[in-house]
Amino acid sequence: MTVSIILYLIFGLVLLIFGAEWLVRGASRIATYAGISPLVVGLTVVALGTSSPELAVSVMSAFKGQADLALGNVVGSNILNVLLILGLSAVIVPLIVAQQLVRFDVPVMIGVSFLVFILGYDGKIGRLDGILLFSGVIAYTIFLIRQSRRENKEEVKSEYEQEFGEKSNNLLMNMVLVVCGLGALMLGSKWLVDSAVAIANSFGVSELVIGLTIVAAGTSMPEVATSVIAAIRGERDIAVGNVVGSNIFNILCVLGLSSIVSPAGIAVSAAALRFDIPVMIAVAVACLPIFFVGYRISRTNGAVFLFFYVAYIVYLIFTATQHEALGTFRAAMVYFILPITALTLIGITCQEFLLRKRQAQ
C-alpha cells in the first residue's frame with residue numbers, strides 16, 4: 001500500500017463531505033426559490049443530500065461489480081448511525097424523541113431492515129428487488145409530504161432558516177453549487193472506492209469488512225456532523241430524526257438504486273446474512289424500547305450504544321485477522337453481555353409501561 005492510496009482515500013472522503021454540503025444548500029435554495037415548502041425540501045432534498053455520499057459510493061461500487069463494498073457501506077452506515085451517532089449525541093445531551101418517530105418512522109426502519117434480510121436470503125438482491133426497495137422510498141416520501149401539509153408553515157420556515165440560513169435568490173450561484181456538489185460526490189466516490197479496494201487487497205481484508213468500517217464511517221460524516229451539532233445546539237429532535245430518516249433512505253434508495261444499476265445485482269455473502277445484517281436489524285429493533293421509555297435517549301443509553309459499536313468494530317477486526325481471542329470475545333458477547341443488555345432493556349420498558357398505566361388510572 002502506497003502513500004498515494006491513503007491520500008486518495010482522504011481526499012475522497014473530503015470531497016464527499018463538501019459535495020454533500022454543496023448539494024444540500026444549492027438544491028434546497030433552488031427548491032425554496034421555486035416556491036416549494038421548506039418542510040418538503042427538508043424531507044426530500046436534504047434527506048437525499050445527507051445520504052448522497054452513501055448513494056454515490058454504493059452506486060459506483062455496484063456499477064463496477066464490487067457488490068460487497070456497496071452492501072457493506074449501507075449496512076455499516078446504518079449500524080454506525082444508531083450506535084455511534086445516536087450514542088455520541090446522547091452522551092453530549094439526552095435526546096428527545098418525537099412521538100411520530102416511535103409510532104411510524106422507527107417501525108418503518110425496523111421493517112425495511114428485515115426486508116433486506118428477506119430479499120438477500122437467496123444470496124442476492126436483484127434488479128426486481130431493487131425496484132421494490134426504490135418504490136418504497138417513493139411511497140415513504142409521498143407519505144411525508146402529505147403529513148407535512150398539517151404542519152405550521154411559519155414554524156417550519158423558521159426552523160429551516162435556522163438550519164440553512166436565509167434563502168438565496170441568486171439562482172445561478174445555487175445551480176453552480178449543485179453542479180459542484182454532484183461533481184465532488186462523483187469524483188470523491190470514485191477515489192474512495194478505488195482506494196478502499198486497494199487497501200483491502202493489500203491487507204488481505206475482504207471488501208465487505210472495508211465497506212462496513214472505513215467506507216461506512218467516511219460516508220456517514222454528514223450524518224455525524226448534523227446530529228452532533230444539533231445535539232449541542234439543543235435541537236435534539238433533529239439529531240434523532242436525522243439518523244432514523246437516513247437509515248430508511250440508505251436501505252430503500254441507496255441499496256435499491258445500487259441493485260438496479262449493478263450488472264449482476266448485489267451479492268449477499270453468507271457472512272453478511274449470518275452476522276452483519278442481523279446486527280443491523282438488532283440495533284434497529286433496540287431503538288423501539290429505548291425510544292419508548294419516556295420518549296428520550298438518556299446518557300446511559302448513549303453509553304451502551306457506544307460500547308456496542310466499539311465491540312462490533314473489535315469483532316470485525318478479530319474476524320478479519322483471525323485473532324486468537326476471537327472465540328472468547330464472541331462467547332462473552334453472545335452468552336453474557338447481549339443477554340444482560342436485552343433483559344435490562346425489557347425490564348426498563350416493562351417498568352415504564354406499568355408506571356404510565358398507574359398514572360393513567
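Me: Axes are lines fitted to C-alpha atoms, for helices over the stretch in contact, and angles run from 0 to 180 degrees between N-to-C directions. With that in hand, at roughly what angle do the axes of H3 and H8 cross?

Reply: A quick note before the answer: this is a predicted model, where local features need pLDDT of at least 70 and side-chain atom pairs count only at pLDDT 80 or more, while totals for chains, interfaces and linings use all residues. Residues are numbered from 1 along each chain as its sequence is written, and side-chain values use heavy atoms, with hydrogens and water left out. The axes of H3 and H8 come within 7 Å, and they cross at roughly 50 degrees.

Me: What does that make H3 to H8?

Reply: Angles under 35 degrees count as roughly parallel, over 145 as roughly antiparallel, 65 to 115 as roughly perpendicular, and the rest as oblique. The H3 and H8 axes cross at roughly 50 degrees. So H3 is, relative to H8, oblique.

Me: Is the crossing of H3 and H8 left-handed or right-handed?

Reply: A crossing is left-handed if the near helix is turned anticlockwise from the far one by less than a right angle, and right-handed if clockwise. Contact means heavy atoms within 4.5 Å, and residues of H3 including Gly72, Val75 and Gly76 meet residues of H8 including Gly211, Val215 and Ala216. Their crossing is right-handed.

Me: How many helices are there in the protein chain?

Reply: Helices (H or I, at least four residues) and strands (E, at least two) are DSSP runs, numbered from the N terminus. The chain has four strands, and its helices number 13.

Me: What share of the residues of the protein chain count as buried?

Reply: Buried means under 20% relative accessible area, exposed over 50%, and partly exposed in between (1.4 Å probe, protein chains only). The chain has 361 residues, and the buried share is 48%.

Me: Are the rings of tyrosine 8 and tryptophan 191 stacked, tilted or edge-to-face?

Reply: Rings of Phe, Tyr and Trp (its six-membered ring) pair if their centres lie within 6.5 Å; planes under 30 degrees apart count as stacked, over 60 as edge-to-face and the rest as tilted. A search of the whole structure finds eight such pairs. In this one the centres are 5.3 Å apart and the planes are at 70 degrees, so the pair is edge-to-face.

Me: How many residues apart are tyrosine 8 and tryptophan 191?

Reply: Tyrosine 8 sits in helix H1 and tryptophan 191 in helix H7. Tyrosine 8 is partly exposed at 43% relative accessibility, and tryptophan 191 is partly exposed at 24%. Their pair links distant parts of the chain, and the number of residues apart is 183.
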